[in-house]
Amino acid sequence: MKSRLALLTASLCATTLLSACGGAQSGSRDQIRAVGSSTVYPFAKAVADSLAKSNSAIKSPIIESTGTGAGMKLFCAGVGVQFPDIENASRRMKKSEYEDCAKNGVDKIVEIQVGLDGVAFAEAKGGLGLKLTPEDIYKALAANPYGKPNSAKTWKDVNPAFPAEPILVYGPPSTSGTRDALKELILTKGCDADAAMKALKDSDKEQHDKVCTEVRSDGAYVDSGENDNLIVQKLEANPKAVGIFGFSYLEENSDKLMGLTIGGVTPTYASISDFSYPGARPLFIYVKAAHLDAIKGLREFVAEWAKSWGKDGLLAKQGMVVSPDAVQAKSAKTASEFTLLDAADLK
Amino acid sequence: MSDPAALRLKRRYAAERRFKVLGMAAVLFSGLVLAFLLFSMTANAIGGFKRAELRFELDLTSGVLTVDPAQLRGPDAQDALKGAGLPDVVAFAAARELGDAGAAEVEDGAWREVAARIVRDPVLLAGKFTVSLPASDDLAAALRGDAHKELQPLASRLADEGKLASAFDWGFLSRGDATGPQDVGIWGALKGSILTMAVTLALAFPVGVLAAVYLEEFSGRNRWAEMIEVSINNLAAVPSIIFGLLGLAVFLGLFPNWRSAPLIGGMTLALMTMPVIVISARNALKAVPPSIRDAALAVGASRVQTVFHHVLPLAMPGILTGTIIGMARALGETAPLLMIGMRAFVATPPEGLTSPATVLPVQIFLWSDEIDRGFVERTSAAIIVLLLFLLAMNGLAIYLRNRFEKRW
């Protein structure tokens with residue numbers, strides 16, 4: 001028994017010792033680390049996978065899905081091997097975040113827009129031709145619009161200018177990133193048009209989120225799985241239905257479908273890329289310039305992104321909305337020259 | 001016998017019967033739930049352990065590949081084969097055997113599996129053999145019949161010709177995470193779990209047992225001991241996410257380099273497991289009859305000798321039971337590990353305690369979030385692997401417990 005105890009103590013000491021020596025070594029890291037948005041996560045994963053497959057000298061990057069905000073905090077914590085090299089973001093970096101970064105010595109950041117994420121509302125050609133606003137969409141789809149149970153059965157109940165046709169919307173399930181974008185970009189916007197809701201946001205954020213983003217489940221909104229092609233087929237079969245899906249599917253099926261205007265703006269590449277269309281948001285990666293030479297494979301990883309974000313690229317296959325050519329060209333330039341982000345551009 | 005008494009007796013019997021029926025119903029219900037769970041998991045998991053493979057013949061007898069055999073033994077064997085044109089040879093053979101449409105659905109990096117086979121068996125370099133390569137995710141979905149209608153004619157044609165089949169995927173147990181359901185594997189997460197559990201056990205078991213021995217056998221009863229006892233009981237009831245925050249603040253604060261490392265994960269889970277071990281070990285030590293201690297002391301053993309030669313071995317079965325419970329909880333834990341960065345895409349299985357890793361429950365969580373339907377089956381398969389690992393761990397503990405068990 002005595003010897004066993006000694007063994008245990010020895011192993012315990014070994015573990016502590018190991019921690020002690022490891023802590024002192026600040027060493028190097030041979031794997032890229034990226035943190036951030038869960039929307040960008042699947043795309044980053046695909047790029048990482050493709051890099052590791054095509055270049056056996058580079059170990060597959062570690063991608064952590066923390067959410068954009070939490071990722072920014074980690075990314076901005078400092079320069080060094082213990083901090084991530086890349087932040088995946090589904091929105092632009094905020095000025096306050098940049099200042100936080102700069103305070104910790106992370107003032108050389110490369111911002112690269114890798115693509116767009118858009119929620120398109122569409123119907124079959126010859127459909128109802130609704131001219132939607134975020135408020136209309138919110139009133140039609142929310143479980144409890146402005147806190148009261150949703151009683152709207154037809155589009156006319158939502159807005160007297162609309163025809164008296166039953167509301168039938170095919171959209172993404174709650175696990176989908178498109179659903180998140182729908183909540184953030186459209187529903188919350190329509191919800192906040194009401195002053196009482198805006199006030200609620202400050203007093204009870206949880207209740208506000210619940211009222212503003214919960215989607216009705218009485219049959220007017222139909223979860224259509226992750227397969228956007230299926231929604232396209234259903235819309236063709238029923239011209240009076242409305243579909244919600246990634247913008248690239250609308251583009252692909254433009255012979256059968258037409259995009260619905262939101263607030264008077266039709267979803268097109270141009271309107272999504274200049275954000276006049278409310279359902280659009282850009283996806284970014286932020287690269288720490290100070291790490292470019294220190295971390296092996298970081299340049300290659302960024303180059304792999306540039307290779308993948310084209311129209312026929314890997315990321316479009318994964319379902320990302322491809323950025324317009326001008327943005328792509330600009331991003332490609334940034335990705336090859338590592339142009340630094342100018343803080344004055346940020347809001 | 002008077003009527004009221006008979007009535008009371010009848011009522012008592014009825015109450016007894018009711019209780020029996022309720023108890024049986026409860027057992028039956030939990031049994032059914034368990035059976036349903038296992039059945040649906042296994043039914044799904046069978047598909048998850050398989051993958052759609054395209055089979056065709058690869059003829060290298062004409063000597064199209066010229067590679068120095070010495071290079072095949074080196075670390076750059078894959079690159080050497082790539083340089084010699086293996087990817088093109090595989091693509092060409094696929095096109096000839098499967099048609100262009102079929103060849104397009106061979107997974108992109110599939111030639112690597114051929115390369116690995118050649119490296120294992122260099123004789124194949126000039127031979128003719130059948131390869132079974134993973135089909136693309138789209139073709140796999142078409143074979144299952146749940147998406148990609150346009151590929152379904154191709155899938156059924158190839159399946160009829162015997163060139164496309166769902167085969168048991170041994171690689172699932174030896175690969176790491178990947179993007180497509182056709183190339184994922186569970187080994188990365190399993191290894192991460194094994195390493196994490198090893199650290200947890202190495203820290204929590206000795207510390208927990210020694211703390212229990214000291215509190216039970218040496219400290220005596222005073223105010224400090226009571227305070228420590230209360231603290232430990234409270235610690236055992238703290239929600240696991242709190243330990244995650246603690247791990248983030250303390251361990252990652254001390255060793256920021258080791259985000260996502262099994263060492264940090266194991267240390268965090270050890271904090272969570274230790275109180276459970278202390279409590280069960282104290283109860284086990286209490287259950288050892290005082291006569292054993294008295295006897296040992298009476299023949300002149302010191303207190304340390306009494307404890308380590310007699311009391312602790314007798315308490316071991318009880319301590320091990322507590323350890324199983326604590327470790328099983330730690331194995332299934334996700335929440336604290338999310339905080340310390342183990343929720344990550346880690347394609348390379350961890351090489352050691354300090355390389356980034358993920359663990360089985362987190363991997364299951366990540367896969368269940370995936371868009372591709374192929375991941376549903378893979379997730380079930382991962383759950384089965386987790387259950388088997390748990391079973392193996394418990395089996396070992398039960399074996400040890402039975403070995404230590406003494407009756408008097």
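A nonpolar core is a set of buried Ala, Val, Leu, Ile, Met, Phe, Trp, Tyr and Cys residues joined through side-chain atoms within 4.5 Å, where buried means under 20% relative accessible area with a 1.4 Å probe and protein chains only. This is a predicted model, in which local features need pLDDT of at least 70, side-chain atom pairs count only at pLDDT 80 or more, and totals for chains, interfaces and linings use all residues. Residues are numbered from 1 along each chain, chains are lettered from A in the order in which they are written, and side-chain values use heavy atoms, leaving out hydrogens and water.

Next select residues 1-26 of chain A, where pLDDT stays under 50.

Now select I112(A), V287(A), F301(A), W305(A) and I319(B), which have the most contacts (heavy atoms within 4.5 Å) inside the largest nonpolar core, a set of 100 residues. Another core, of 51 residues, lies apart from it and includes L116(A), V158(A), I167(A) and L187(A).

Centre on I319(B) and show its neighbours: leaving aside residues up to four places away in sequence, I319(B) touches F205(B), V209(B), S280(B), A281(B), A284(B) and L312(B).

Terms used:
pLDDT is the predictor's confidence in each residue, from 0 to 100. Buried means under 20% relative accessible area, exposed over 50%, partly exposed in between (1.4 Å probe, protein chains only).
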